[in-house]
Amino acid sequence: MKVSAVGTGRGCGYVSLSVTSRGPLSFQSRSVSLLRKSKSSLAIACSFVATNAPSPSSAKQLRRILDSPGVHQGPACFDALSAKLVQNAGFQFCFTSGFSISAARLAVPDTGLISYGEMLDQGQLITQAVSIPVIGDADNGYGNAMNLKRTLKGYIAAGFAGIILEDQISPKACGHTRGRRVVSREEAVTKIKAAVDARRESGSDIVIVARTDARQAVSLDEALVRSRAFADAGADVLFIDALASREEMKDFCLVSPLVPKMANMLEGGGKTPILTPVELEEIGFKIVAYPLSLIGVSIRAMQDSLTAIRGGRIPPPGSMPSFEEIKDILGFNAYYEEEKRYATSTNQQLSKRESSSLYSIQRRDQVDTEQTSQSFKDPIVEVITPDDVYNKYGADSSRDPFSGIWSRTLRVKITGGDGFEKLDLRIPAGFLDGITNIVPALGGVNIKELLDEAAEEVGGKLLLDFQDRMGDRIQVFLE
């Protein structure tokens, strides 16, 4: 096999491939996107590994993205589902947003109310749901330099590829809101040094994104000085939040030119101008966050849906995915396929019976609307057994000690997990054959033995009360 490549960096840069191979060659493409090489040409930025190569750590994946040409977009997620949707949409990485997590998890503003433990717990659920790198919002490290070291180590253990650390005074808040205050420059730089130390002590390669809010709290000049000091302290990416103009963004990208810069495109009216990816790349940014898109459209979609429901309607089909699409997004089909690998013969038989009809009861005329309506009004089903059936099963035989049970009634009641009654069936207590065809969950229960034990008792008795694997409550009474 012969491969020629043009470009440099630990990732795959501008690439031209010439491949000669005697056998099939298989690659897994992590990203392929068009990037501007010049005003008159385009290049392809790609990052792929052979299928037989071990997967790199999430931090190494993120570093490859930072080393690759072009600007890279990262929407901000707030839970496992939103992160999975980002990945399914083809993005190379994503951020977590403290603003959005505060909103989704606690329904409170991003004013320092959410804790380190809550952010860590939410972040771990997110990183476990996806295979793309996740850059975690860690606010100001939740305390001093020692607290920050613990925070960084916790984020490493939670699976984050990167961590954003800022210099606000507690309680911190969204950088585009009023009243921003920052710690001293010395303390801010010391905390970045502590983060670098914690990374080294952990043997990790997590990417440290150093953020300053000094632009709004002090001045642009102070923000630029802090950014340069953060780079000298070992930060991997620099970020000034709430830059107020294109010119300020250009000035920022001139600081420590070898260190990647992060832009924050706060949607809906933030302080920073909203620029296209091409414009951001021309200025000098490497990664760009979109912090409110997902939480914002989610809020509006839920409001519209609730308005429709309150008006006696349901959301129109075009405003939401179908049930089949939802199941596919959540992985139901993949789950069913994997489940087959571990199915036993017993499970397969039970699954077939349950899938065909749960607790199905054959009615004489299901088409008759009036009769169907009556069945909903009175779900009690009385089974009448003729005399010849009694005789067939020995009901008149005094030699059968079980024959006396025919004078009693067996009641089977099934209540769904939603509290609604699914079945209320009464049959002669001695008529046990075929009951498992009605209630498959009773297949492994020796009801006859339970009846033998209760045969001499007077009055009603609860024989069974349990929950099946479908979440339904099954009760069996002897009346």
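Me: In which sense do strand β5 and strand β6 pair, and over how many bridges?
Reply: Good place to start, and keep in mind that this is a predicted model. Strand β5 covers residues 94-96, and strand β6 covers residues 134-137. Within this pairing, F95 stands opposite I135 in β6. The two strands pair in the parallel sense, over 2 bridges.

Me: Which strands stand at the edges of the open sheet?
Reply: Let's read the order of its 8 strands: β9-β8-β7-β6-β5-β4-β11-β10, with parallel pairing. A strand at the edge has a single partner strand, so one side of it is left without a neighbour in the sheet. That is the case for β9 (237-240) and β10 (262-264).

Me: By how much are neighbouring strands of this sheet turned against each other on average?
Reply: Here the direction of the strands is ignored.

Me: At about what angle does helix α1 run to β8?
Reply: Helix α1 spans residues 58-67 and lies across several strands, including β4 (72-77), β7 (162-165) and β11 (287-290). Strand β8 (207-212) is another one of them. The angle between α1 and β8 is about 60°.

Me: How many nonpolar, polar and charged residues does the contact of α2 with α4 have?
Reply: First, find the two helices: α2 is residues 80-88 and α4 is residues 116-129. Their axes come within 8 Å and cross at roughly 35°, and the crossing is right-handed. On the α2 side we find A80, A83 and K84, which meet L125, I126 and A129 in α4. Sorted by class, that gives 5 nonpolar, no polar and 1 charged residues.

How values were computed
Residues are numbered from 1 along each chain as its sequence is written. This is a predicted model: local features need pLDDT of at least 70, side-chain atom pairs count only at pLDDT 80 or more; totals for chains, interfaces and linings use all residues. Side-chain values use heavy atoms; hydrogens and water are left out. Two strands pair if DSSP finds at least two bridges between them. Helices (H or I, at least four residues) and strands (E, at least two) are DSSP runs, numbered from the N terminus. Axes are lines fitted to C-alpha atoms, for helices over the stretch in contact, and angles run from 0 to 180 degrees between N-to-C directions. Contact means heavy atoms within 4.5 Å. A crossing is left-handed if the near helix is turned anticlockwise from the far one by less than a right angle, and right-handed if clockwise. Ala, Val, Leu, Ile, Met, Phe, Trp, Tyr, Cys and Pro count as nonpolar, Asp, Glu, Lys and Arg as charged, and the others, Gly among them, as polar.
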